[in-house]
Amino acid sequence: MQRYANQVVLISGGLGDMGLAIGERLGQEGALVVLGDIARPDQAALGARFGSRIPEVLALDVTSPESWRAVVDTVLQRHGRLDVLVNNAGVVSRESVNFDQIDATEWQRLFAINVDGVFHGVQAAMRVMKGQPEGGAIVNMGSIAGFVGSATGGAYGTSKSALRNLTQQAALSAARAGYRVRVNAVHPGYVWTALIAEKLTAQFGGIEAAQHAVRAMNPMQTIVTPQDVAAAVAFLGSADARLITGADLVVDGGRLIQ
């Protein structure tokens, strides 16, 4: 499929496992991919993964409105348009604690990236997309943690719950204003990334035991991969989803409904 032929896509948190998987998938479907990240790129690794279609990488601090404006301006100067924004940048809590023990500074760190960062990105992209004849699409990266309570993950879960409503508010506002801009969210379950694989392999004493534990988390007895999440993003950002806005697309093997 070439659903993204001649389209320009910006992905925040683009150098992480999830961002790279999304960039790879959309690039395969024809997109010109721009990765925004606060980290420095490993050009050799990007070349090995993307081949001749190495994406551009721009320095982006999602907590800074000025950084967002600079990146979006650069994209427009180089390519003349911005068709899709994937607000993928996000962080988890540094430690699992009861709600009354959450450190205020840690709470603010999560909200600065997971909520404020998305807010700044949506605003920066929407201001451009609303003036384009074809409009645009924004996909925010949530989590199933935003749907349910958690004994020791209150800050993260609350931030992702806020992201869900932010998505709905932005989607309805854009639609009522007559903008041709859709805003949706993808909510993964526990995703098997390199960091998770390393952590759980050490915890369970081997990769097979770790994978068994992850499979047991959901009714489909499957492991959610970055590629599964990327496929959901690719759908919501494409014209196939042209009448979908303000929606939550859960990718968790049924974990949320059990």
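**Close-up views of helix packing in a predicted model**

**View 1. Helix H3 and its surroundings.** Helix H3, residues 65-79, has 15 residues and spans 21 Å from its first C-alpha to its last, close to the 21 Å expected at 1.5 Å a residue. The coordinates shown here and in the other views are those of a predicted model. Ser 67, Trp 68, Val 71, Val 72 and Val 75 are the buried residues of H3. Seen down the axis of H3, these buried residues fall within an arc of 125°, so they line one face of the helix. The face turned away from the buried side of H3 carries Glu 66 and Gln 77, which are exposed. Packing partners of the buried H3 residues are strand S1 (8-12), strand S2 (32-37), strand S3 (56-59), strand S4 (84-87) and helix H4 (104-129).

**View 2. Helix H1 and its buried residues.** H1 has 12 residues, and the distance from its first C-alpha to its last is 16 Å, close to the 16 Å expected at 1.5 Å a residue. Its buried residues are Met 18, Gly 19, Leu 20, Ala 21, Ile 22, Gly 23, Leu 26 and Gly 27. They pack against S1, S2, helix H2 (43-50), S4, strand S5 (136-141) and H8.

**View 3. Packing of H1 on H8.** Helix H1 (residues 17-28) and helix H8 (residues 226-237) pack at an angle of about 50°, and their axes are 8 Å apart. The two helices are therefore oblique to each other. Their crossing is right-handed. On the H1 side, the contact involves Asp 17, Met 18, Ala 21, Ile 22, Arg 25 and Leu 26. On the H8 side, Pro 226, Gln 227, Val 229, Ala 230, Ala 231, Val 233 and Ala 234 take part.

**View 4. Asp 228 in helix H8.** Asp 228 lies in helix H8 and is partly exposed, with a relative accessible area of 36%. Leaving aside neighbours within four places in sequence, Asp 228 is in contact with Ile 223 and Val 251. Between Asp 228 and Asp 42 the separation is 186 residues in sequence and 24 Å in space, C-alpha to C-alpha.

**View 5. Packing of H4 on H5.** The axes of H4 and helix H5 (residues 154-176) come within 9 Å and cross at roughly 15°. That angle makes H4 roughly parallel to H5. The crossing of the two helices is right-handed. H4 contributes Trp 107, Leu 110, Phe 111, Asn 114, Val 115, Val 118, Phe 119, Val 122 and Met 126 to the contact. From H5, the contact residues are Gly 154, Ala 155, Tyr 156, Thr 158, Ser 159, Lys 160, Ala 162, Leu 163, Leu 166, Ala 170 and Ala 174.

**View 6. Packing of H6 on H7.** Helix H6 (residues 194-204) packs with helix H7 (residues 207-215) at an angle of about 105°, with the axes 8 Å apart. H6 and H7 are therefore roughly perpendicular to each other. In H6 the contact residues are Leu 200, Thr 201 and Phe 204. They meet Ile 207, Ala 209, Ala 210, Ala 213 and Val 214 in H7.

Methods:
Residues numbered from 1 in each chain as written. Predicted model: local features only at pLDDT ≥ 70, side-chain atom pairs only at ≥ 80, totals over all residues. Heavy atoms only, no water. Helix = DSSP H or I, 4+ residues; strand = E, 2+ residues; numbered from the N terminus. Expected span 1.5 Å × (residues − 1). Buried < 20%, exposed > 50% of the residue type's maximum accessible area, 1.4 Å probe, protein only. Arc of directions from axis to C-beta. Contact = heavy atoms within 4.5 Å. Axes fitted to C-alpha atoms, helices over the stretch in contact; angles between N-to-C directions. Parallel < 35°, antiparallel > 145°, perpendicular 65-115°, else oblique. Left-handed = near helix turned anticlockwise from the far one by under 90°.
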